[in-house]
Amino acid sequence: MYESTRGNLYDQTASQAITLGMVPSGGLFVPSNFPDLNWQDLQGLTYRDVAKRVMMPYLTDFSEEALSKIVNVYSDGTFDGEDPAPLVSVGNFGVLELWHGPTAAFKDMALQVLPDLLKVSLKQFNRDEEVLILVATSGDTGKAALEGFKNRNGMHIVVFYPEGGVSPVQERQMTTTEGNNTHVVAVKGNFDQCQTAVKQVFASELLKAQLEKKKLIFSSANSINWGRLLPQIVYYYWAYLQAVKQGKIHSGSKMNVVVPTGNFGNLQAAYYAKRMGLPINRIICASNSNNVLTDFFATGVYQSQRSFYQTISPSMDILVSSNFERFLFEMSGRDAEKIQAWYNSSNQGSFAVDSMTLKACQDTVYAGWANEEETLETIARSYKTYQYVFDPHTAVAMKVYEDYRYETNDQTFSVIASTASPFKFSSNVIKGLAKERQESCRDEWQALDRLNQLTGWKVPQGLQGLENKAEKSVSSIKPEDISEFIQKKFA
Ligand SMILES: *Cc1c(COP(=O)(O)O)cnc(C)c1O
């Protein structure tokens with residue numbers, strides 16, 4: 001069963017948690033208990049079957065048959081290659097490539113299964129309403145959600161992205177999505193403003209009532225939805241199994257994971273894997289110049305009232321990190337009263353935790369950050385040393401991993417979660433690679449080919465021919481008008 005981080009809702013089934021997305025009166029759904037799952041019992045299984053075994057104990061109201069169908073997406077050709085999440089050996093560490101799905105970012109790992117999880121969840125209650133999915137995106141979630149939900153019966157999706165705050169490829173990926181149930185909206189503001197406005201829409205009783213009359217209910221495809229986090233636990237088990245199989249770690253030894261972090265969903269999934277018994281040593285949280293989390297882990301003060309930087313790793317340009325609430329819930333010993341106090345809206349996103357909670361946080365997670373210059377430099381140096389091309393997000397993780405090794409001398413085998421194909425951010429990757437060549441490539445579409453020429457890496461299928469695809473019309477609105485937009489379009 002599931003409960004709210006804020007102590008205002010208990011005893012909800014997985015179907016209820018997934019359908020609602022977030023707790024209507026504030027708070028996020030978390031599992032009331034963590035099942036133990038021994039990685040040794042998963043040895044020799046395919047990714048699809050590992051996914052089934054990891055997800056099953058959390059979906060007790062799903063039939064085994066339904067779940068089997070859902071996880072088929074990992075073996076039916078939706079992800080390219082035999083293995084949807086290969087662990088690639090680079091130097092003396094591993095890179096877990098999570099970008100072999102249709103949109104070339106790790107969001108596909110979950111967003112290719114969320115629509116089916118939602119479909120089964122709705123059926124569970126015999127609800128005849130249609131679902132309206134609202135998504136705030138810093139770039140990658142939007143496209144992955146559009147791909148997952150397009151042309152789904154009984155489901156509509158609206159994606160809000162910060163105008164000028166996403167890469168040209170990310171923007172074009174979204175605006176060229178097909179499907180009669182997909183909508184894309186540019187918002188004049190940054191991601192945090194998009195996300196806050198969308199959360200307010202979810203909380204609006206008036207709008208909810210109006211939509212209810214049209215037989216429409218809201219849900220979320222952001223990582224506040226438990227259905228997003230659950231499929232992400234799977235690939236940490238998978239990484240461990242691959243590391244053992246490849247002889248990188250002895251059976252039972254621990255591994256570190258390094259996660260480039262924005263909304264803390266990917267990192268929280270790693271933490272849940274650890275709670276289920278996967279031998280994880282440190283979880284390393286890597287941030288870009290929006291280093292609100294690095295500061296938190298140093299001081300215990302979460303201070304989101306600060307300058308916002310637009311960086312070359314836009315999917316991490318986040319100051320209000322949604323899933324951090326789930327992490328603090330665990331670190332505080334599941335103290336919903338404390339969470340309630342910290343996340344009280346009058347705090348405006350800034351609060352200080354007690355020393356016990358801080359200690360628990362620091363024991364679990366090491367946090368660091370990399371600035372723009374360091375990120376570009378890491379792309380260049382990693383290519384030179386390992387002939388491996390990091391996208392700017394994963395390069396941030398790589399830099400923080402190096403700092404961690406230097407600072408702690410921890411020799412534990414480490415896995416870097418690689419969250420995007422470098423081709424999604426080609427011109428900035430070239431800028432990094434070309435430091436010595438003094439080259440820069442302005443046209444984003446030329447840059448894809450140029451990166452292919454420079455490295456010999458293949459342009460992912462989903463990014464080919466983007467510049468010539470027909471774009472859908474995109475409205476451009478202010479954050480405060482999101483509610484009205486939804487009302488006009490759907491209510
Ligand atoms: C979404 C995203 C992140 C951040 O992941 P969170 O789960 O939000 O912490 C990092 N890198 C890329 C490429 C992303 O798309």
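Two strands pair if DSSP finds at least two bridges between them. Strands here are DSSP E runs of at least two residues, helices are H or I runs of at least four, and both are numbered from the N terminus. Keep that in mind as we walk through this predicted model, where local features need pLDDT of at least 70, side-chain atom pairs count only at pLDDT 80 or more, and totals for chains, interfaces and linings use all residues. Residues are numbered from 1 along each chain as its sequence is written, and side-chain values use heavy atoms, with hydrogens and water left out.

Let's start with the sheet. It's an open one made of 5 strands, in the order β8-β5-β6-β7-β15, with parallel pairing. At the edges you'll find β8 (216-220) and β15 (475-477); each has a single partner strand, so one side of each lacks a neighbour in the sheet. Look at β6 and β7: 6 bridges join this parallel pair, and valine 159 sits opposite valine 184 in β7.

Now for the helices. α6 lies across β5 (130-136), β6 and β7, at about 165 degrees to β6. That angle is taken between N-to-C directions, from 0 to 180 degrees, using axes fitted to C-alpha atoms, for helices over the stretch in contact (heavy atoms within 4.5 Å).

Next, find α7 (residues 168-175). The buried residues of α7 pack against α6 (140-149), β6 (155-162), β7 (182-187) and α19 (444-455).
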